[in-house]
Amino acid sequence: MNEPVVLKSNKYGLTLYLDPVISFENLVRAICTKFAESRTFFGQTEMILETTGRDLSNVEALVIIEAIELNSDIKITLLNENNEIKDARMKGMIDRFYTDEIFDNAKIIRNSITKEDDIYSDSSVIILGDVKSKASITAKGNIIVLGSLIGAAYAGYPDNSGAYIVCGDLESDNITIGHISGEVKKETKWATRIRKSNEEPIGITVWNKELISEPISSGLLKKLK
């Protein structure tokens, strides 16, 4: 495949042929560009999306859907994955992560936040990269970082302690959710399940007025909901 993303129509809607090697951050950037350039061609429509060429995690599939919808007038209604038609937002994620609420008016940042960048969003925010040292991100909603979270993150600004942060890797000691800040503790009840692999995203939420973290697959966030 010469291009990272190739679009083709099918009898259900649209097929995305995805490069299996390119980094996910660069893949999403390519998807954003491709659909922004094709916005007029597709117009306002609803369709079923099929992806092929690359295995996607639940988070990755949701981010791709959001990238398409933010850069076009397309509404993705169903997802055709491995010849199985599914609701596009019901891919087996824990309940807290497969509702539209995560992405309502979410802001997508296509690059890493670096140096002394100070980013603010009046909704949720998705960062297709890292939050580097000395950088900071503040959002009224939730924060999803596909890469490493090294700098400061403040979700649920100023006082929504029901918000959460998800990141590919947590290296920051400057985390705030609502009015709760301080050390992020590993939830001991789920300690034996923590980080089944280095690639498993971490969720951070508030419990008993403390910040706790756990892999999103462990189910703790669902229980807290």
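I started with the surface: the protein chain exposes about 11300 Å², and carbon and sulfur atoms supply 44% of that. I took accessible areas from the Shrake-Rupley method with a 1.4 Å probe; for residues, only the protein chains shown count as cover.

I noted the ground rules next. This is a predicted model, where local features need pLDDT of at least 70, side-chain atom pairs count only at pLDDT 80 or more, and totals for chains, interfaces and linings use all residues. Residues are numbered from 1 along each chain as its sequence is written, and side-chain values use heavy atoms, with hydrogens and water left out.

I looked up the fold. The protein chain has four helices and 17 strands. These are DSSP runs numbered from the N terminus: helices are H or I with at least four residues, strands are E with at least two. Of the 225 residues, 52% are buried. Buried means under 20% relative accessible area, exposed over 50%, partly exposed in between (1.4 Å probe, protein chains only). I also checked contacts, meaning heavy atoms within 4.5 Å. Among those with a separation of 6 or more, 43% join residues 24 or more positions apart.

I then picked Gly147, in strand β10 (residues 143-149). Gly147 counts as buried because its relative accessibility is 10%. Not counting residues up to four places away in sequence, Gly147 touches Glu25, Gly129, Asp130, Cys167, Gly168 and Asp169. Its C-alpha atom is 8.9 Å from that of Leu170, 23 residues apart along the chain.

Thr176 came next. Thr176 sits in strand β13 (residues 175-177). At 14% relative accessibility, Thr176 counts as buried. Beyond neighbours within four places in sequence, Thr176 contacts Ala153, Tyr154, Ala155, Ile165 and Ser181.

I turned to the rings. I found four aromatic pairs in the structure. Rings of Phe, Tyr and Trp (its six-membered ring) pair if their centres lie within 6.5 Å; planes under 30 degrees apart are stacked, over 60 edge-to-face, the rest tilted. Phe35 and Phe42 are stacked, at 5.9 Å centre to centre with 25° between the planes. Phe35 is buried, at 0% relative accessible area. Phe35, Phe41 and Phe42 form one aromatic cluster.

Tyr120 and Tyr157 pair edge-to-face, at 6.1 Å centre to centre and 85° between the planes. Tyr120 lies in strand β7 (residues 118-121) and Tyr157 in the loop between β11 (152-155) and β12 (165-170), so the pair ties together parts 37 residues apart in sequence. Tyr120 is partly exposed at 40%, and Tyr157 is partly exposed at 35%.
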